[in-house]
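Please open the structure in your viewer and keep the sequence panel at hand. The stops below each begin with something to select.

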Amino acid sequence: YYDSLFNFIQSSPLSTNILNGNTNAEDIWATAGNIYILDGVNKQVYRSNGPGRISSVSRPLRNSSGQGLNPLTGMAIIGNHLLVLDKNSKAIYRYDLTAAFSGTANYNALQKITLNTQNANSEALSYDPVTNAFYVLDNGSTKAVFRYPITSLTSTGISVGTSVRSRPILSNTGTALNQITG
């Protein structure tokens, strides 16, 4: 944890004391009031409202048809939309953030956003409010980032336009990268 000037406050190891047994942290997302940690294996999100504590755990997340998700490798939050990246399904699933933290029963996705077929090795998800787009890292043979512009964002769904793939991502010396995850 850091303050708004990036001064160190405290470190909280991902341990059984902090995350109720979660040792599968795949991604993290920060909002003005909370830190969210994605458990990619158990398909839940942990919410922290302060250093060293977890205030709540989401309901187990499922795909839009109620089936289990594959390894989750990324997460983003836009307003009250919780988005998770399902690597094997090659899709982003959308949930209502408030509903995800209400109750204990499985929670089915409200929407499935299918990735470009060339984005087959998705590893990380990000959102940029300046460009109003999702970015999905691809860890295939040609390391690249896919941009998915948001054409409509309402309380009932997200529409994306045509994706665009970046040039290959290389090292500072121009050589190919091996494994990239975020």
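A salt bridge here is a side-chain nitrogen of Lys or Arg within 4 Å of a carboxyl oxygen of Asp or Glu. With that criterion, a search of the whole structure, which is a predicted model, finds 1 salt bridge.

Select Lys-87 and Glu-123, which form a salt bridge with their closest N and O atoms 2.5 Å apart. Lys-87 belongs to the loop between strand S7 (81–86) and S8, whereas Glu-123 belongs to strand S11 (residues 122–128), so the pair ties together parts that are 36 residues apart in sequence. The two partners can also be viewed by their accessibility: Lys-87 is partly exposed, with a relative accessible area of 25%, while Glu-123, at 8% relative accessibility, counts as buried.

Next, colour by confidence. The mean pLDDT of the protein chain is 88, and 91% of its residues reach 70 or more; among the elements of the chain, S9 has the highest mean pLDDT (98) and H1 the lowest (51).

Because Tyr-95 lies in strand S8 (residues 91–96) and Tyr-107 in strand S9 (residues 107–108), the pair ties together parts that are 12 residues apart in sequence. Both Tyr-95 and Tyr-107 are buried.

For another ring, select Phe-101 and then Arg-47, which lies over the face of Phe-101 at 4.0 Å from the ring centre.

Now turn to the backbone. Most residues other than glycine have a negative phi. Select Lys-43, which is not a glycine and yet has a positive phi of about 60°; this residue sits in the loop between strand S2 (35–39) and strand S3 (44–48) and, at 12% relative accessibility, counts as buried. Then select Asn-132, also not a glycine, with a positive phi of about 50°. Asn-132 is found in the loop between S11 and strand S12 (133–138), and its 26% relative accessibility makes it count as partly exposed.

Finally, show the surface and select Tyr-2, Phe-6 and Phe-8, which form a nonpolar patch with about 430 Å² of accessible area together. Is Phe-8 buried or exposed? At 54% relative accessibility, Phe-8 counts as exposed, and its place is in the segment before helix H1 (16–19).

Definitions and conventions
Residues numbered from 1 in each chain as written. Predicted model: local features only at pLDDT ≥ 70, side-chain atom pairs only at ≥ 80, totals over all residues. Heavy atoms only, no water. Helix = DSSP H or I, 4+ residues; strand = E, 2+ residues; numbered from the N terminus. Buried < 20%, exposed > 50% of the residue type's maximum accessible area, 1.4 Å probe, protein only. Lys NZ or Arg CZ within 6 Å of the ring centre and 35° of its normal. Patch = residues over 30% accessible without salt bridge, like charges linked within 9 Å, V, L, I, M, F, W, Y side chains within 5 Å. Areas by Shrake-Rupley, 256 points an atom, 1.4 Å probe, with all protein chains shown as cover. pLDDT = per-residue confidence, 0-100.
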